[in-house]
Amino acid sequence: MNRRNYQKELDAKIAYHQGRGEVPTLLLHSCCAPCSSYVLEYLSAYFQITVLYYNPNIYPKEEYCQRVKEQQRFLQEFPMEHPAIFIEGEYETEQFYQMAHGMEELAEGGQRCFLCYEMRLRKAAEYARRLQLDYFTTTLSISPMKNAQKLNEIGGQLAQEYGIPYLYSDFKKKNGYLRSIQLSKAYGMYRQDYCGCIFSMRQRENNVKS
């Protein structure tokens with residue numbers, strides 16, 4: 001079974017709207033400013049973007065606040081053809097820990113992470129429907145540590161549930177991750193050294209010790 005080419009699908013979607021002279025609206029879930037940098041550079045020429053920062057997995061709260069500020073700063077400083085709107089979601093840590101209960105010892109990249117993807121993408125779909133936007137998607141696929149196929153599967157399922165099309169994508173393509181590093185350096189951005197949750201922090205610390 002051949003895997004879908006999500007980059008090709010995204011290119012086709014952009015070409016379709018460009019051909020019709022349209023600038024669709026997009027709810028972009030952002031995990032952090034560095035990851036959002038290339039995605040915004042890429043998509044802001046074609047979409048009117050609303051950035052949703054909803055990441056109740058981030059630990060500790062000081063880290064969460066720092067990442068929010070970096071996201072806001074980047075949006076203010078980065079020139080975009082269609083300037084983005086920013087929304088900060090609720091810092092719903094209790095819901096995250098309820099979701100993760102019983103999976104605390106799982107390695108990064110497994111079922112706990114997939115449920116975390118779903119939790120954040122579900123919130124993005126809710127906002128997109130509430131705001132009556134044309135699409136929703138996430139920056140998460142830009143990370144080499146994130147499973148783009150799983151993210152797109154979840155996005156597609158939620159699109160059917162909420163009646164809002166998911167913008168299929170894999171932002172690692174076209175050297176997206178490399179470009180995000182370049183933009184992070186250019187804008188002096190804070191780049192965290194763990195995914196965000198307490199479990200990824202512990203795994204990072206264990207890896208350093210070993």
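This is a short chat about how to read some features of a predicted model.

Colleague: Let's start with the sheet. In what order do the four strands stand, and is the pairing parallel or antiparallel?

Modeller: Here's the general idea: strands of a sheet pair through backbone hydrogen bonds, either parallel or antiparallel. In this model, four strands make an open sheet with parallel pairing, and the order is E3-E2-E1-E4. Strand E3 (85-88) and strand E4 (135-138) are at the edges with a single partner strand each, so one side of each has no neighbour in the sheet. On average, neighbouring strands are turned by 25° against each other, direction ignored.

Colleague: How many bridges join E1 to E2?

Modeller: Five bridges link strand E1 (residues 25-29) with strand E2 (residues 48-53), and the two run parallel. If you'd like one spot to look at, find His 29, whose bridge partner in E2 is Leu 52. Then look for helix H5 (residues 111-130), which packs on the sheet and touches E1, E2, E3 and E4. The direction of H5 makes about 155° with that of E4.

Colleague: What about pockets? Which residues are the closest to the centre of the largest pocket?

Modeller: The largest pocket has a volume of about 690 Å³. It is lined by 32 residues, and the closest to its centre are Ser 143, Met 145, Lys 146, Tyr 194 and Cys 195. Helix H2 (33-43), H5 and helix H8 (198-209) are the elements giving two or more residues to the lining. H5 gives the most, with five residues. By type, the lining divides into 16 nonpolar, eight polar and eight charged residues.

Colleague: Now charges. How many salt bridges does the count come to?

Modeller: As a rule, side chains of opposite charge can pair when their charged atoms come close. Here the count comes to 16 salt bridges. One of them joins Arg 73 and Glu 70, with the closest N and O atoms 2.9 Å apart. Both sit in helix H3 (residues 61-77), and because they are three residues apart there, about one helical turn separates them.

Colleague: And the backbone? Which peptide bond is cis, and which residue has a positive phi although it is not a glycine?

Modeller: Most residues other than glycine have a negative phi, and most peptide bonds are trans. In this model, the bond from Tyr 59 to Pro 60 is cis, with omega near -10°. You'll find Pro 60 in the loop between E2 and H3. Lys 174 is not a glycine, yet has a positive phi of about 55°. Look for Lys 174 in the loop between helix H6 (148-162) and helix H7 (176-186).

Methods
Residues are numbered from 1 along each chain as its sequence is written. This is a predicted model: local features need pLDDT of at least 70, side-chain atom pairs count only at pLDDT 80 or more; totals for chains, interfaces and linings use all residues. Side-chain values use heavy atoms; hydrogens and water are left out. Two strands pair if DSSP finds at least two bridges between them. Axes are lines fitted to C-alpha atoms, for helices over the stretch in contact, and angles run from 0 to 180 degrees between N-to-C directions. Contact means heavy atoms within 4.5 Å. On a 1 Å grid over the protein atoms alone, a cavity is a set of points where a 1.4 Å probe fits but cannot get out, and a pocket is an open set with protein on both sides within 12 Å along at least five of seven lines; lining residues have an atom within 4 Å of a point. Grid points are joined across faces, edges and corners, and a volume is the space filled by probe spheres set on the points. Ala, Val, Leu, Ile, Met, Phe, Trp, Tyr, Cys and Pro count as nonpolar, Asp, Glu, Lys and Arg as charged, and the others, Gly among them, as polar. A salt bridge is a side-chain nitrogen of Lys or Arg within 4 Å of a carboxyl oxygen of Asp or Glu.
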